[in-house]
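We will walk through the structure one stop at a time.

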Amino acid sequence: MGEYVLEMKEITKLFPGVVALDKVSLNVRPGTVHALMGENGAGKSTLMKCLFGIYQEDGGEIVFDGKPVKVTSSKQALEMGVSMIHQELHPIRFRPVMENIWLGRFPKTLFAVNHKAMYNKTKELFKQVDLDIDPSVLAGTLSASTLQLVEIAKAVSYNSKVIIMDEPTSSLTETEVEHLFAIINRLRSEGRSIIYISHKMEEILKISDEVSIMRDGKNVGTWPAAELTTDLIINRMVGRDLTNRFPEKTTQPSNEVVLKVENYTAASPRSFKNVNFELRRGEILGIGGLVGAQRTELVEALFGLRSVASGVVYKNGTQVKMDNVRKAKRNHLALLTEERRATGVFGILSVLENTVIANQKEYTTAGVVNNHKRYKVAQESCKQLNVKTPNLEVHMENLSGGNQQKVLIARWLLTNPDILILDEPTRGIDVGAKYEIYTIMLDLVARGKSVIMISSEMPELLGMSDRIMVMCEGRVTGFLNDKENFSQVEVMRLATQFGQQQAEVQA
Amino acid sequence: MTSEKVISRKSFSIAIILIGLVIAAVGIVMQVLPHEGLYDLPILLIMIGAIVALFGLRQFFGSKKLGSGISFSGKSVLQFVADKAIILALLVLVVVICFLQPSFMQVRVVFDILTQSSPKLVIALGICFSLIIAGTDLSAGRMVGLSAVIATSMLQTADYGNRFFPDMPQLSIIIPIVAAIFACMLFGLLNGFLVAQFGMHPFIATLAVQTIVYGVCSLYFDMAPNNSQPIGGVRPDFTAIGQTKFFVVPKVFNGVSILIPIAAVICFVIWFILNKTTFGKNVYAIGGNKEAAVVSGVNVYATILFVFIIGSLLYGFGGILEAARTAGATNQYGLGYETDAIAACVVGGVSMTGGVGKISGIITGVLIFTVIQYGLQFVGISPMWQQVIKGIIIAAAVAIDLSKYKKK
Ligand SMILES: Nc1ncnc2c1ncn2[C@@H]1O[C@H](COP(=O)(O)OP(=O)(O)OP(=O)(O)O)[C@@H](O)[C@H]1O
Ligand SMILES: [Mg+2]
């Protein structure tokens, strides 16, 4: 073996209307963590999919372990010694966890799958990665973060020379990330290489040995991680300096209450209970908490997606009942859901359709859709949000994750909401686009609208909110009201008040 | 939470066993006492009691796998009712029929129902593979017809006047059967090829193949000198495959049809394939999430081919059973069998969106339809009403089944 375990030389990949990869090269040394960075749509996932046999490159060469290879299927990639954690992949929900893991290589005796061996091997694997779940539970019953850990365990189990991790931490909590890093360190010491894709600077600087940066389908370069800083990375990714991570907020929320929620309790006993809060005009209310704090459930219920057992909601002082989405929309609420793949994106519809679908009615004349009008509006808002797409006819599924998110935001902005609810709005989104989304939020509140934002990213929560409400196990455990003195410690303290009685909370 | 009660699986299973034994004991007592007007009820009770007790035994010994405690609460009872709604409805139906027509309570009736279910079950087991990969197979019925026609055309007695192949010698019984099933498998391969190669939706691919199969079968059936005459004069060694009966006691018990053990063996084989082989697990995986299967290195192409080939093999075999049972064939054999089979699977909990389905469910589904048909006929309800009831059952069963998956 030479200096590198993997050399990808001048890889080119074309999609109709897009040059996704333009002579991109990537060299990975054995026993290192190689970070791959770049804005949304830079082509990181595409490059990895070429290596993993999901796409075939249109030009260039892959040399693995000193031998030139042509990867035509994932099966071949796995056998060759490459495994991958996919950025967006749903599990096989109605099958046990262990079958999800050993799919494609079940342990067998003669013709039959050996369930006992499979069970034991899974147990052993989980012990290695410190996961405590029963291998025979159905994958569909696990939480998103547990599933992500299972995916990680699966990728590790192939004993591959090269492990690709495409945003492995997108739904992990901080302790789970620490845990993943421990696993990565062990793998590295065993001489395996990891290609690590993430938008989180802190992670990259902490775990990686080398960093390659891409922009618009091209190489920018590769540097040892020790020589890099957050600012340098951002500069090279975006092509310009980005001095602040949050735009300056110039307006103050007024005292007028636009939304008041009283004693809101979910129908499901394990969900949120007795939630009380107020939202003011021109305010960004952050909701903090750990995974499982029932924040998503709360906002989904507000938007009429879940049933509530009791509670009252006032909009601008009058009591409103929003038990379905149409009523919520009529009251000028909008919700950007957390699971964009499952509940946001219409994959095989065009970007145009995806943009205008929530207020389709406004483009009709006597019930007939006015295409010209739709097109103009969609084009404008996509431009305003800086959506990277060759044109509006492209299937939504072909946009990179971050650009899909921007389209979804555009969709809800077009409904002209008074209250925009954002559930993890910047998950999987690059710094540049994050900044743009923050700007949009500030622009909204400056125009007298209000925003509720769920976020698990501490800097974002602290940096963007006017007030922060913290939840734990379905209860509101406290509010942080003093914007100048937000503290991460206080948020974490409130987020971890497990098993206590409802705190006396003053909104 | 307050109404929740947890009892150990051990005591639960012992209770079940006891209930089973009590039912059986009641049966025995009734059998000893005079019981005119109740027909075979005592014997049936003994059988039911035995089954319940066996179920209890399984619970007793399987406690490690099933978990050691069972919780009882308003919610879990509701859940149970929703889970087993279709079986409970079936039980109610049976009880009603028994009241209306006590002669329904006969051992003969039970075996009749099982016999009638057997060929349908074979077809349903064939079609379940394509349903589990979130597809369907519309060509099933026509393949039954093709197989029946091909097999019988070569298996007529030497002295039959209207032979399909007048000069054909008496072949070994194996050859025509293999030929018939093989013909079906060729079309199954075509189904699989269209789906795997071109990514065609199975609905379209099998619709096309269904049409082709019927055309081919009719052409064959129309060859001189047969000219579309129903095929008769089928050899007795062939009809034995469908008509043999065991344990016949004249005037007392008219036997167990050979179709029942055949279907049982096929059930076991298919159960094994689906649950114990890599192929079977890949079928579930592809139905559950095709992309995940691809990136896990599953050979999706080959799996899809096999799904349709196995299906066609079973339709072909079903055609053999049908031809043997009825000692004849026309090109109209098997018409509409696929819709019955799909309905039975779906009522039995196989999901049309893929990834879900159990053999036990399919068996239940098939039995339900036979019981309805047989039972309603038994109490003299018109076939037109039978259709209405059948349709309602399909819709209701699936609606209840789907409510299980609703969250929130
Ligand atoms: N199947 C496809 N068909 C057409 N275009 C595609 C396809 N897949 C990706 N693209 C395009 O290729 C470019 C690169 O996308 P890719 O998913 O690799 O970005 P990424 O760097 O992984 O971004 P993110 O950080 O958002 O995940 C994008 O412009 C995207 O629109
Ligand atoms: Mg990506």
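How far apart do the C-alpha centres of domain 1 of chain A and domain 3 of chain A lie? They are 30 Å apart. Before you go on, note that this is a predicted model, where local features need pLDDT of at least 70, side-chain atom pairs count only at pLDDT 80 or more, and totals for chains, interfaces and linings use all residues. Residues are numbered from 1 along each chain as its sequence is written, with chains lettered from A and ligands numbered from 1 in the order in which they are written.

**Domains of chain A.** Colour domain 1 (6-91 + 142-238), domain 2 (257-332 + 417-500) and domain 3 (338-416); these bounds come from an automatic or database domain assignment. Seven residues of domain 1 of chain A and ten residues of domain 3 of chain A make up their contact (C-beta atoms, placed from the backbone, within 7 Å).

**Between the chains.** Next, select the 19 residues of chain B that are in contact with 23 residues of chain A. On the chain B side, helix H12 (278-288) and helix H13 (290-295) each give two or more residues; helices are DSSP runs of H or I, at least four residues, numbered from the N terminus.

Finish at A:Leu51 and show what A:Leu51 touches, not counting residues up to four places away in sequence: A:Met8, A:Ile62, A:Val71, A:Ala77, A:Val82 and A:Ile164. In the largest nonpolar core, of 158 residues, A:Leu51 and A:Ile164 are among those that touch the most other members. Such a core joins buried Ala, Val, Leu, Ile, Met, Phe, Trp, Tyr and Cys residues through C-beta atoms within 7 Å, buried meaning 20 or more other C-beta atoms within 10 Å of a residue's own.

Notes:
Buried ≥ 20, exposed ≤ 12 C-beta atoms within 10 Å, placed from the backbone. Contact = placed C-beta atoms within 7 Å.
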